[in-house]
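Please keep the sequence and the three-dimensional view at hand.

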Amino acid sequence: MTELLTGLPRRLAMAHVQALAQALTEFGPAAEIAADWGTRLAGALSSGSRLLVAGNGGSAAQAQHFSAEIVGRYAEDRAPFSAVALHSEPSALTAIMNDYGIEEVFARQVQAHGRPGDVCVLMSTSGRSPNVIAAAVRARDCGLRTWAMTGPVPNPLAEVAEEVLPICSPATATVQELHLVALHLICEAMDAELVRGEAGLIRSEAELIRSEAELIHGEAELIPSEAGLPPGEAELGRWWAR
């Protein structure tokens, strides 16, 4: 079979794939963090909290991808949840940038849209974007849960966020590729937790229905015994059956 790529393009492609494969071998801890975040995100969003997510450049694209999965759906049909990618409203973005400077562009929106208990996910491959770091600090000060997705740690964003999902690769492209994998793992874990919660609710409702049926059955058994009682004692029997 003739090779499609030869020379330098082939060497570059192979090097990229090998870097991604190497990073995947060290992805286990990040996958566990993603699954944990997804599980807790299900609880937060289903109780009325909101997801705010932000990043620059390629991370902005992934932030918007993430919010789309939450408002729409990831795989199976489910209820929609509130999620906002903070770069996706150009008028607000440019107005804040013009009036307050680029470092406030996400932080001011976090302060405007965020409420205590909401979840704020900040994405930066370097962990050094000043506007993303400012958003993390504002989110934390406003009582939001602050989660950061970065490249190798330590970095300034990891230091100010409450929790961090780092990708230990020196290549920006590899970090972004595994951030996308992590986002999908968060969505999978969130959907699984929502299904588990619904199953638990259905079991609780079934147990309640069974308890009510048993109570009705018990009252029905008391009624025949009332037939042989004087009127006053029959009323007393019904009172005890309640």
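A residue is called buried when its relative accessible area is under 20%, exposed when it is over 50%, and partly exposed in between (1.4 Å probe, protein chains only). The model is predicted, so that local features need pLDDT of at least 70 and side-chain atom pairs count only at pLDDT 80 or more, while totals for chains, interfaces and linings use all residues. Residues are numbered from 1 along each chain as its sequence is written, and side-chain values use heavy atoms, with hydrogens and water left out.

T150 lies in strand β4; strands (E, at least two residues) and helices (H or I, at least four) are DSSP runs numbered from the N terminus. T150 is buried, because its relative accessible area is 0%. The T150 side chain makes a polar contact with that of N155 at 3.1 Å; such a contact is a pair of N or O atoms within 3.5 Å, where within protein one must be able to donate a hydrogen and the other to accept it, and residues adjacent in sequence count only if both atoms are side-chain atoms.

P154 belongs to the loop between β4 and α7 (156–160). The peptide bond from V153 to P154 is cis, with omega near 5°. Most peptide bonds are trans.

A nonpolar core is a set of buried Ala, Val, Leu, Ile, Met, Phe, Trp, Tyr and Cys residues joined through side-chain atoms within 4.5 Å. The largest one has 32 residues, and L41, L51, F66, I70 and V121 have the most contacts inside it. Helix α8 gives the most to this core, with 8 residues.
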